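Please read this report with the sequence and the three-dimensional structure side by side, and look up each element as it is named.

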Amino acid sequence: MSVGVLLMTHESVGQALVKAARHVLPKLPLRVATVEVPARSDPDVMRTLTAKHARELDHGDGVLVLADLYGATPCNIGLSLSTVGVRLRCVSGLNLPMLLRVLNYADKPLDELAEIAASGGRGGIFIDHA
């Protein structure tokens, strides 16, 4: 089983998270691609580019879209991919703990991996008790 992972983010966020993940896991266990949506970009052009990446990542087990901010353009483009013939799930609120958790459970199916992503993102948030 091998789900593809597509990071949908604002500029510079996705590549930075992948770089940080490679620091922890030099060999990523899943195929990971990033689409960083520049300010004032054409959403239709970005949707076409994103659909191409999603199709390349899908080897039959689907694609997990991790978006940085729910309701923002990158997330909306990710959510719109359900019409391109790729089975996918979209989880927003992307952070490094979320990405690392997904990569550490590379053998899980898409639906379970989406739940793991959300749990990992929430679980990586702590408030000090000073």
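Two strands are said to pair if DSSP finds at least two bridges between them, and the strands (E, at least two residues) and helices (H or I, at least four residues) are themselves DSSP runs, numbered from the N terminus. The model is predicted, so local features need pLDDT of at least 70 and side-chain atom pairs count only at pLDDT 80 or more, while totals for chains, interfaces and linings use all residues. Residues are numbered from 1 along each chain as its sequence is written, and side-chain values use heavy atoms, with hydrogens and water left out.

| Strands | Sense | Bridges | A facing pair |
|---|---|---|---|
| β3 and β4 (residues 88-92) | parallel | five bridges | L66 and V91 |

In β3, which spans residues 63-67, five of the five residues are buried, where buried means under 20% relative accessible area and exposed means over 50%, with partly exposed in between (1.4 Å probe, protein chains only). In a regular strand the side chains alternate between the two faces of the sheet. Here V63, V65 and A67 point one way from β3, and L64 and L66 point the other way.

**Helix α1**

Which residues of α1 are buried? They are G14, L17, V18 and A21, and because they cover an arc of only 100 degrees around the axis (taken from the directions from the helix axis to the C-beta atoms), they lie on the same side of α1. On the other side of α1, K19 and H23 are exposed.
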